[in-house]
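Colleague: Could you take me closely through the surroundings of the ligand, and then through the backbone of the loops?

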Amino acid sequence: MDNDIEKVLYSRDEIAGAAKRLGKELTRDYAGRQPLVISVLKGAILFTVDVLKEFDVYADIDFVDVSSYHGGTESSGKVDLVREISSDIKGRDIILVEDIIDTGRTLKYLIQLLEEKGAHDVKVCTLLDKPEGRVVDVKADYVGFNVPNEFVVGYGLDYNELYRNLPYVGILKPSVYQK
Ligand code: XMP
Ligand code: MG
């Protein structure tokens, strides 16, 4: 897999440091509350695990699965709910954990969904933020890194469902999409 990567943007150690920092910030901010952590499948799985290991607060954990890319490198513009949230959202403080915020459409869709279900508060923790990609106006509350406007893979992020198991985040070689 390493041969398909043009450039490593964030190493395993840098990512571990960011997850630790965010887990500690969340611990401080959520002390005395019992939030519901919702991890956005599949991209946020590795990041969620690493943040949770540093999150020292009573919390329940759930998952939601949404899809907007359908295998390519450009957002289709339409967000589909692939797996519903099973927990009761009403009155809850929610921490949404994402891999990356790009156009912002996924996040906007999820925030609206949670508000419709009666969430008391929704905060967003994302490994990566790509501000130049933004099409709708949303922002993350906890950010690991701001990324340049490139398609990135690794540490949960995929191209055609591959590369999620790379321990770092990097830019794919263009020759990989042109295959
Ligand atoms: P939007 O555009 O809705 O994107 O903010 C959010 C979701 O799209 C995926 N995404 C990416 N996946 N490399 C990836 O592997 C990228 O550069 C990228 N940009 C967006 C991702 O699943 C995210 O949750
Ligand atoms: Mg995602």
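Modeller: What follows looks at the ligand shell and then at the loop backbone. This is a predicted model, in which local features need pLDDT of at least 70 and side-chain atom pairs count only at pLDDT 80 or more, while totals for chains, interfaces and linings use all residues. Residues are numbered from 1 along each chain as its sequence is written, and chains are lettered from A and ligands numbered from 1 in the order in which they are written.

Ligand 1 is surrounded by 20 residues (C-beta atom, placed from the backbone, within 6 Å of it), and the closest of them are D102, T103, R105, T106 and L157. Among the elements (DSSP runs numbered from the N terminus, helices being H or I of at least four residues and strands E of at least two), β5 (93-101), α3 (105-116) and β8 (152-153) each contribute at least two residues to this shell, with β5 giving the largest share, four residues. By class, the shell holds nine nonpolar residues (Ala, Val, Leu, Ile, Met, Phe, Trp, Tyr, Cys and Pro), six polar ones (the others, Gly among them) and five charged ones (Asp, Glu, Lys and Arg).

In the loop between β2 (36-41) and α2 (45-52) lies K42, and the peptide bond from L41 to K42 is cis, with omega near -10°.
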